[in-house]
Amino acid sequence: MRKGLGYWAAGAVVAFATPALSHPHIFAEARVEIVAADDGTLKELRNVWRFDDIFSSSVLMDFDKNSDLKLDHGELNEIANTIRDSLGDYSYFTSITKDGASSEIARPEVFNVDFKDNQLLVFFVAKPKTPVKIGGRMTFGIYDPTLYTAIDFAKDEDMTVEGKAFEACAHKVVRPDPDEVISQNQLNLTEAFFSDPTGNDMGKLFATRLEVTC
């Protein structure tokens, strides 16, 4: 069974239940800037995630090798590399579509973490593997397909676009109503799904997304 973000920290395996329950166990407040290149293609998505205190404390305990209750440069690098490697199976929690077609996400070259005010911070830049021309109907989402991690955009302003190619486009943040999603997908939400949600990508239906129309 595939496992969500809770499993990239070795000791956190014990701290959290399996994702079979299909509801979040880890919470992160997020911000994303969607940036256009000068040639009118999509340049990158700049992400900032701030994780909840409980999960952040688990990561501190797992990676604080010298037990000084701090994360030094080497320990932070180990966390960053572990997260990046683990999220590769989940497209780095990044969804980009144009006119219904999904883009494959390249392995992020920029991936950093920090630990401030007892919270784990993750900073990374996501890019499509092949160029995507801005236009038509596009959607951008940051979410865990297993529903194990909740990526929350508290304000609409936490999802923004930047660059001249977006100036002629309309954009809006869409926040699906969970009750409505469940009602519309009753046939898919079977006991088998909740026992093993692998591959169903129901997280996409619940995820906050930015819709861009040009």
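User: Which residues does Tyr92 touch, not counting residues up to four places away in sequence?

Analyst: This is a predicted model: local features need pLDDT of at least 70, side-chain atom pairs count only at pLDDT 80 or more, and totals for chains, interfaces and linings use all residues. Residues are numbered from 1 along each chain as its sequence is written, and side-chain values use heavy atoms, with hydrogens and water left out. Contact means heavy atoms within 4.5 Å. On that basis Tyr92 touches Trp49, Arg84, Leu87, Ile105, Ala106, Arg107, Pro108 and Phe124.

User: Is Tyr92 buried or exposed?

Analyst: Tyr92 lies in the loop between H3 and strand S3 (94-98). Helices (H or I, at least four residues) and strands (E, at least two) are DSSP runs, numbered from the N terminus. Buried means under 20% relative accessible area, exposed over 50%, partly exposed in between (1.4 Å probe, protein chains only). At 7% relative accessible area, Tyr92 is buried.

User: How far apart in space are Tyr92 and Pro108, C-alpha to C-alpha?

Analyst: Pro108 is among the residues that Tyr92 touches. In sequence, the two are 16 residues apart. In space, their C-alpha atoms are separated by 8.4 Å.

User: Why do the buried residues of H3 lie on the same side?

Analyst: The buried residues of H3 are Glu75, Leu76, Ile79, Ala80, Ile83, Arg84 and Leu87. They share a side of H3 because of the arc they cover around the axis. The arc is taken from the directions from the helix axis to the C-beta atoms. Its value is only 165 degrees.

User: Which residue caps the N-terminal end of H3?

Analyst: A polar contact is a pair of N or O atoms within 3.5 Å; within protein, one must be able to donate a hydrogen and the other to accept it, and residues adjacent in sequence count only if both atoms are side-chain atoms. Here a side-chain oxygen lies 3.2 Å from the backbone nitrogen of Gly74. The capping residue is Asp72.

User: What is the angle between the planes of Trp49 and Phe51?

Analyst: The structure holds six aromatic pairs. Trp49 and Phe51 form one that is edge-to-face, 6.2 Å centre to centre. Rings of Phe, Tyr and Trp (its six-membered ring) pair if their centres lie within 6.5 Å; planes under 30 degrees apart count as stacked, over 60 as edge-to-face and the rest as tilted. For Trp49 and Phe51 the angle is 80 degrees.

User: Which backbone nitrogen lies 3.4 Å from a polar atom of the side chain of Asp158?

Analyst: Asp158 sits in the loop between strand S8 (149-152) and strand S9 (159-162). Asp158 counts as buried, at 10% relative accessibility. The backbone nitrogen 3.4 Å from its side chain belongs to Ala154.
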